[in-house]
Amino acid sequence: MISPLELAANLFTAVAILLAGRNNVHTWWTGIVGCTLFGVLFMQSQLYADVVLQAFFVVTGVLGWWRWLHGNGGAPLPITHAGWRTMAWMTPVGLIATGAYGAALHFYTNAYAPFIDSAVLVFSVIAQLLMMGRRIESWPVWLLVNTIAVPLYFSRGLYLTAFLYMCFWVNAIVSWLWWRKLAKQEQVAAQASRGAYGAAGGPP
């Protein structure tokens, strides 16, 4: 049976994810509400890594909200690529952190599927950090997280949550393509603006 808590958590999170895919700043406050509710839900399901993850999301949600609005010298933050160097160090760090935290959960708690749960946590952190910077690469990382999370939540009887993460999997692909398009549009607009500025001779 789907509990009212699970229903509310999924509703707010679904709205937040859809808004993120549309590059809408309101993704942050709706995400904060959804993550708070999910934190309570995962505590009840003994998914302790996910509880920590939701707390992280709440804190970074506040920071991400501010960065999207003012992170570009007081102006809204543009969509950009993270670059291969950033991904080159984030990937091995993510794998090492997954193993270390999973081992800690395995040996010191009664956590269910500790290493899988740990992978969801660690790579969600990476995806969230990229999202805070409006980096396109956040979406393929979310795609990986959703792939891991769906069978994990299904195995714990969180069927609505598992179904929602299946929808998030599709949304991640669509949003990845959409953000790439938006980034190109922003780049063209910025180049046109600089060209017009140069043609005008700069500031008076």
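How many cavities of 30 Å³ or more does a search of the whole structure find? The search finds one. The close-ups below come from a predicted model.

**View 1. The largest cavity and its centre.** This cavity holds about 410 Å³ of space. It is lined by 28 residues. Those closest to its centre are Thr13, Ile17, Phe57, Gln128 and Trp142.

**View 2. The helices around the largest cavity.** Two or more lining residues come from each of helix H1 (4–21), helix H2 (27–44), helix H3 (48–70), H5, H6 and H7. H2 gives the most, with six residues. By class, the lining has 18 nonpolar, nine polar and one charged residues.

**View 3. Ala113, between two helices.** Ala113 sits in the loop between helix H4 (84–108) and helix H5 (114–132). Its phi is near 45 degrees, a positive value in a residue other than glycine. Ala113 counts as partly exposed because its relative accessible area is 23%.

View 4. Arg134 has a relative accessible area of 7%, so it is buried.

**View 5. A nonpolar patch on the surface.** Trp169, Val170, Ile173, Val174 and Leu177 form this patch. Together they have about 430 Å² of accessible area. One of them, Leu177, belongs to helix H7 (residues 159–199). Leu177 counts as exposed because its relative accessibility is 58%, and the cut-off for exposed is over 50%.

Methods: Residues numbered from 1 in each chain as written. Predicted model: local features only at pLDDT ≥ 70, side-chain atom pairs only at ≥ 80, totals over all residues. Heavy atoms only, no water. Helix = DSSP H or I, 4+ residues; strand = E, 2+ residues; numbered from the N terminus. Buried < 20%, exposed > 50% of the residue type's maximum accessible area, 1.4 Å probe, protein only. Patch = residues over 30% accessible without salt bridge, like charges linked within 9 Å, V, L, I, M, F, W, Y side chains within 5 Å. Areas by Shrake-Rupley, 256 points an atom, 1.4 Å probe, with all protein chains shown as cover. Salt bridge = Lys/Arg side-chain N within 4 Å of Asp/Glu carboxyl O. 1 Å grid on protein atoms, 1.4 Å probe; cavity = no way out; pocket = protein on both sides within 12 Å on 5 of 7 lines; lining within 4 Å. Points joined across faces, edges and corners; volume = space filled by probe spheres on them. Nonpolar A, V, L, I, M, F, W, Y, C, P; charged D, E, K, R; others polar.
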